[in-house]
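Let's walk through this protein together, one feature at a time. Keep the viewer open as you read.

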Amino acid sequence: MNQVQAALKYSKEHEWVEVLDNECVRVGITQFAQEQLGDIVFIELPEQGTAVKADESMGTVESVKAVSDIYSPVSGEIVEVNRELEDAPETINGDAYGAGWMVVIKLANPAELDELMTAEQYEAFSKEEE
C-alpha cells in the first residue's frame with residue numbers, strides 16, 4: 001500500500017484528512033504511523049457530538065509497542081465514529097486509508113485545512129522522521 005495518498009491532507013502528528021465536502025472531513029492515522037506503531041490491539045475514540053480542537057488529543061491507539069494519542073488535525077465536532085474499530089482495531093494495520101478511518105469531523109474553521117501538509121510535503125516530512 002502507498003505510504004501517502006495524493007488526494008489527502010496530512011498533519012505533523014501523522015493523521016490523514018479526507019475532505020468530504022465543504023463542511024466535513026474523514027480522519028485516520030497514516031500508513032507510516034501504523035507501521036511505526038506495529039500491531040494495533042486497542043483503540044479509544046471520542047463520542048459523537050464531542051467538540052475537538054486542532055492539535056489536541058481526541059483518543060488513543062494502543063499497539064504491542066506503545067500507546068499513542070490520536071490528535072485532531074482540525075477543530076470542529078465529531079459527527080461520525082468508526083465503531084467497528086473497537087472490535088477490530090487491527091483494521092488500521094490492514095487498511096489505514098480505507099476501512100481504518102476513525103472519525104468524521106464537521107469543520108469549525110475550514111481555513112485550518114490550508115495549514116495541513118500536501119502528500120508531497122508529508123512524504124518528505126515522514127522520511128525525516130524515519
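Glu-15 is part of strand β2, which covers residues 15-19. Keep in mind that you are looking at a predicted model. Is Glu-15 buried or exposed? Glu-15 is buried, and no salt bridge accompanies it there. The nearest side chain of opposite charge belongs to Lys-12, 12 Å away, whereas a salt bridge would call for a nitrogen within 4 Å of a carboxyl oxygen.

Which groups does the Glu-15 side chain contact instead? The side chain of Ser-11 makes a polar contact with that of Glu-15, at 2.9 Å. The Glu-15 side chain also reaches the backbone nitrogen of Tyr-71, at 3.1 Å.

## A three-stranded sheet

Now turn to an open sheet, where three strands pair antiparallel in the order β4-β6-β7. Its edge strands, each pairing on one side only, are β4 (40-44) and β7 (67-71). On average, neighbouring strands in this sheet are turned by 25° against each other, direction ignored.

For a closer look, follow β4 and β6 (residues 57-63), which run antiparallel and are joined by four bridges. Here you can find Ile-43 standing opposite Val-61 of β6.

In soluble globular proteins, nonpolar side chains tend to be buried together. The largest nonpolar core here has 24 residues, and Val-25, Met-58, Met-102, Val-103 and Ile-105 touch the most other members. At least two residues of this core come from each of β3 (24-29), α1 (31-37), β4, β6, β8 (76-81) and β9 (103-107).

Methods. Residues numbered from 1 in each chain as written. Predicted model: local features only at pLDDT ≥ 70, side-chain atom pairs only at ≥ 80, totals over all residues. Heavy atoms only, no water. Pairing = 2+ DSSP bridges. Axes fitted to C-alpha atoms, helices over the stretch in contact; angles between N-to-C directions. Core = buried A, V, L, I, M, F, W, Y, C linked by side-chain atoms within 4.5 Å. Buried < 20%, exposed > 50% of the residue type's maximum accessible area, 1.4 Å probe, protein only. Lys, Arg positive; Asp, Glu negative; His and termini not counted. Polar contact = N/O pair within 3.5 Å; in protein donor to acceptor, adjacent residues only side chain to side chain.
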